[in-house]
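Subject: Structure for you to look at

Hello,

Here is the structure I said I would pass on. My notes on it follow below.

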Amino acid sequence: MKKILAIDAGGTKLTCAVINENGEIISDVEKYSTPKNIDDLIKLFKEIINKYEDNIDMTAFATAGAVNIDNTKVDSSTPNMPKGYNQLDFTSLSKKRVFVENDANCAAWAEYKIGAAKGEKNTITITLGTGVGGGFIVDGKLLRGKSGRAGEVGSIKINSKGRVCTCGRKDCFESYASGTGLKMTAEEVAQSDEVFTKSIFNSKNPKDITTYDIIEGVNKNDEYSKKVFNIWKEDLIKGLVSITNIFDTESIIISGGMGKFINTDEIETIVNNETVVSPVKIKLAKAGNYSGMIGAALLACQK
Ligand SMILES: [Zn+2]
């Protein structure tokens, strides 16, 4: 059975482990802080690969950023990765085969192969964290598009409010449906709606209200927090309705830190009332914290 060294390279954390063809982790999981400079990052990649290289068949990276169609390079890096990351040819890191894929795509593949969407050939995994990421499985294949960048669901437009996204564009789905989006909605409502004057957070500067405040407020039945959370949920639903209508999937799997705050049954009912395709199931992710590494390893095996 093939053994794959899988490395998940995120903006703050880097994890690695050896994974077999069944998606099982067969070594300890090592964790590092992601170096802030490209030379240190390359050095760390090489150290990790050197340590395992003799006992593995290939290395698979799950990474932040958009990956090229050949799965060898990051075409467009994210601001949280070191400068020069998009110059790195990953195949130069090892004598053996190296495969690279976007981390959201890897997570979607893991959900499809071993997680909440196991056996469902049409499924989408959406990550709701500080941003919104997505991976699309269409007819049992990972949707990559002409350049490898397909599935950038965080960048679809859902509103026309003119809210500026962290990417610099306006009204991206992720500027509403992410944790950052919830915080921005909290600030907007605090500044424009008198419901804030009666809120348990009314002594706070609207800029300082956090996503955790809003969740706490919802649990304490605070009207302002409930209003903010409902707007956030409606924005999330707008995006889910659009992608369901286009892709007609069996399921949408929700992963990421914001997932635990939503009631998937409630959202599923609302989405299915708004779509014209057959009903979609909305479920929480099940492939776990290491789904990026597992998905990368399984994709590398099959390519
Ligand atoms: Zn954006």
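Leaving out residues up to four places away in sequence, Leu 182 touches Thr 211, Ile 214 and Trp 232. Please keep in mind that this is a predicted model.

Leu 182 belongs to helix 4, which covers residues 179–192. Is Leu 182 buried or exposed? The residue has 28 C-beta neighbours inside 10 Å, and the cut-off for burial is 20 or more, so Leu 182 counts as buried. Phe 229 is 47 residues from Leu 182 along the chain, yet their C-alpha atoms are separated by 7.2 Å.

Now the protein overall. There are 8 helices and 12 strands. Along the principal axes, the C-alpha atoms fill a box of roughly 65 × 45 × 35 Å. Buried residues make up 44% of the 303. Of the contacts between residues at least 6 apart in sequence, 61% join residues at least 24 apart.

In soluble globular proteins, nonpolar side chains tend to be buried together. Here the largest nonpolar core has 84 residues, and those with the most contacts inside it include Ile 4, Ala 60, Met 293 and Leu 299. Helix 8 (residues 291–302) supplies the largest share of this core, 8 residues. Where does the core lie relative to domain 1 and domain 2? Domain 1 (3–109 + 289–302) and domain 2 (119–285) both contribute residues, so the core lies between them. Setting aside neighbours within four places in sequence, Met 293 is in contact with Ala 6, Asp 8, Thr 15, Ala 17, Ile 19 and Ala 62.

Five strands form an open sheet in the order 10-9-8-11-12, with mixed pairing. Strand 10 (141–142) and strand 12 (281–284) are at the edges with a single partner strand each, so one side of each has no neighbour in the sheet. Strand 12 pairs with strand 11 (residues 251–255) in the parallel sense over 4 bridges; Ile 253 has Lys 283 of strand 12 as its bridge partner. Helix 2 (residues 103–114) lies across strand 8 (123–128), strand 9 (132–138), strand 10 and strand 11, and runs at about 50 degrees to strand 9.

Regards

Key
Residues are numbered from 1 along each chain as its sequence is written. This is a predicted model: local features need pLDDT of at least 70, side-chain atom pairs count only at pLDDT 80 or more; totals for chains, interfaces and linings use all residues. Helices (H or I, at least four residues) and strands (E, at least two) are DSSP runs, numbered from the N terminus. A residue is buried if 20 or more other C-beta atoms lie within 10 Å of its own, exposed if 12 or fewer, and partly exposed in between; C-beta atoms are placed from the backbone. Two residues are in contact if their C-beta atoms, placed from the backbone, lie within 7 Å. A nonpolar core is a set of buried Ala, Val, Leu, Ile, Met, Phe, Trp, Tyr and Cys residues joined through C-beta atoms within 7 Å. Domain bounds come from an automatic or database domain assignment. Two strands pair if DSSP finds at least two bridges between them. Axes are lines fitted to C-alpha atoms, for helices over the stretch in contact, and angles run from 0 to 180 degrees between N-to-C directions.
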